[in-house]
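Please consider the following structure with attention to the surroundings of its ligand. The account begins with individual contacts and then turns to the elements that supply them.

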Amino acid sequence: MRTTTGSDPGQRAAGHQEALPAVDHTPSIDGSADGFAVPGFDAVVRLVTGSLGVPLVSLILQGGTAYWFADGNALPVHDPRALHPRYLEAARSTMPSVVPDTLLDERFREAALELAATPGPIRFFASEPVYTLTGQQIGALCVMDLQPRDGLSENEHTALRDAASLIGAGVVLRSYLGRTDPITQLPHRYAFFDDLRSHLHNDVAHAWVMAIDVAPVQRFNAFIRAMGHAYADELMRAVAQRLQGWIPARTRLYQIGTTRFAAVLPDHHILDDTSRLDDLVARLRQPFDCLGIPLTIQPGVGLLKINASELRGGDPLRLVMNASYAAQHSVRGWAVYNRLQDEHQRQEFFLVTELAAALTERTELDLHYQPRVDLDSGRCVGVEALARWHHPTLGLISPNQFIGLAERAGLMQLLTQWVLEHGVAQLAMWRRDGHDIKLSVNVSSSDLTADLVGRLRDVAEQHKVGLDALELEFTESTLMEHSATTRRHLTAIRQLGAGIAIDDFGTGYSNLAALRQMPATSLKIDQSFVRGMGTSRHDEAIVRSVAELARSMGFRVVVEGVETSQLYESVLGMACDEAQGFHISHPLPASDMLAWLAAHRGMPSRQAVRWVE
Ligand code: C2E
Ligand code: MG
Ligand code: MG
């Protein structure tokens, strides 16, 4: 029902190069992007039409915007230039007016009151000023008839006055609903966009948009759960106040989300002196005294330079929020929007959604198995399950790419569960076929919770596989990250009979004391050392001494990344129990495993070497 006919000339006139447009705090129902919707406006118009018996009703706002109705229905858009001066006069007058017959009135001699939609001139005209609840006049409600009338009866006048005040209340209601935050009383996101748009249209080359994120959403929700909404409201009021203390004069602060503020900075040289931004961050990092309870927030200030053409069809808030999010996790606390980083994040987000779908549909994920050979017997004693993701358009995505992603997106447990179910089911089949092999599954730090033990037991029971045929591989750093709790969960896994391997050993920073306390069964020496053995005597020495040390501490020693026969020969001569690597086999799809097992019944081994000797 929107029949907007003009923008506010007051807005157009204001503003010059350096200053933001003078902001009109009048609640506005002018043509904003979100459409016109004063609650109950239609009903009020129908009421007036019926009780006064007039066919035409219009609401004229002070800025010249007009909404027209004939017989209670909205009329199409009307050319603002054709707005008769009498309407504007009425919209700006605090007095009601009644013109019984326009053809007999001086003020209509120059130009008759006409509407394109009506067959003849308007003869009867009456107006009533519209006020907001706080007493600001915002325009007039006008009623018209094509016939002259004697005027308005007492009852009709009362009806028109009531209708005008209902509209005033509706305008305020809408303004509160759509434009002002009820807690901080700061203007909302819509107002931010309107102001940014008009700022950039005032021949200003560009603007700096600033977004201030106050707290990560999860933390804020936890805060609300702990302290209640009243505390959260108080905190937001306190933050708003602190921001107002920093923000340059004549610059408006907006609340664009529950924990997010924004401003359009008039200063085009904000980055010339970054100490101002440091000052803002320092102020926000000071603890807040929120109803007597001191609280520290984690602020992030994002900045985005934008011009009018970038605004068209763009989403500056998304971009600047990207920067404020990055800033929250930075030492400096503020950051300028970085397109590359944004694209990276979007790509990551895309992949996360795709991965989540892949995990539910389970048609794109697959497991490959890499054999592990016992160096004493030369026999394959186990396989490591390695996840593979075949994306329909992006092709094969490496686990190095998607494992970290799954971890960050909270999808890790889902992935591990899938690997466990899929891998153990496959192992059960091989073992039923008489292959005495074990299965190793990689698990991440987010898997290391109390229910991992239950998950492992359930899957083993379901497929009737003994838990001693399973091993979980944790990277060295995962194991070192956690301490007492980690050890408890690991001990529980050990008590079930499953093995625990320390993966990629040598890439973390474990000390020997911590290592000794780990209830692990095997230790996998990272492939970076193993690969270097051929060329670096240091690496050879490292592998040799780590293997000896680990074995003397009771671990079974596995060497990863054995790519060549020379490396294989070398590790045969060390205190290593098992080898894994491309020389033995690349990771294989399950369908190729049986053929591989048949063809590789015996790799070179210590027994074979001794036998030859
Ligand atoms: P990882 O657990 O250390 O697995 C060994 C990785 O080294 C595998 O890479 C394997 O293909 C590769 N590799 C094996 N032998 C050689 C060799 O001789 N030379 C070289 N250059 N590489 C070799 P992949 O499959 O790309 O996996 C990379 C990492 O992703 C794994 O390292 C593991 O940390 C992680 N990952 C793979 N699948 C899973 C999974 O299902 N869950 C979890 N949490 N992590 C996984
Ligand atoms: Mg591994
Ligand atoms: Mg490894």
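In this predicted model, a polar side-chain atom of E560 lies 3.1 Å from an oxygen atom of ligand 1, a polar contact being a pair of N or O atoms within 3.5 Å. E563 places a polar side-chain atom 2.6 Å from a nitrogen atom of ligand 1, and for A387 a backbone N or O atom is found 3.0 Å from a nitrogen atom of the ligand. Of the 790 Å² of accessible area that ligand 1 has on its own, the protein covers 86% (Shrake-Rupley method, 1.4 Å probe).

Ligand 1 is surrounded by 24 residues, the closest being E384, D503, Q527, E563 and F582; a residue is near the ligand if one of its heavy atoms lies within 4 Å of it. The shell divides into 9 nonpolar, 7 polar and 8 charged residues, with Asp, Glu, Lys and Arg counted as charged, Ala, Val, Leu, Ile, Met, Phe, Trp, Tyr, Cys and Pro as nonpolar, and the others, Gly among them, as polar. β15 (380-391) gives the most, with 4 residues, while α13 (412-432) is among the elements that each supply at least two.

Helices (H or I, at least four residues) and strands (E, at least two) are DSSP runs, numbered from the N terminus. The buried residues of α13 include W418, L427 and W430, buried meaning under 20% relative accessible area with a 1.4 Å probe and protein chains only. After α13 comes G434, with a positive phi near 95°.

Residues are numbered from 1 along each chain as its sequence is written, and chains are lettered from A and ligands numbered from 1 in the order in which they are written. Local features need pLDDT of at least 70, side-chain atom pairs count only at pLDDT 80 or more, and totals for chains, interfaces and linings use all residues, while side-chain values use heavy atoms, with hydrogens and water left out.

Notes
Polar contact = N/O pair within 3.5 Å; in protein donor to acceptor, adjacent residues only side chain to side chain. Buried < 20%, exposed > 50% of the residue type's maximum accessible area, 1.4 Å probe, protein only.
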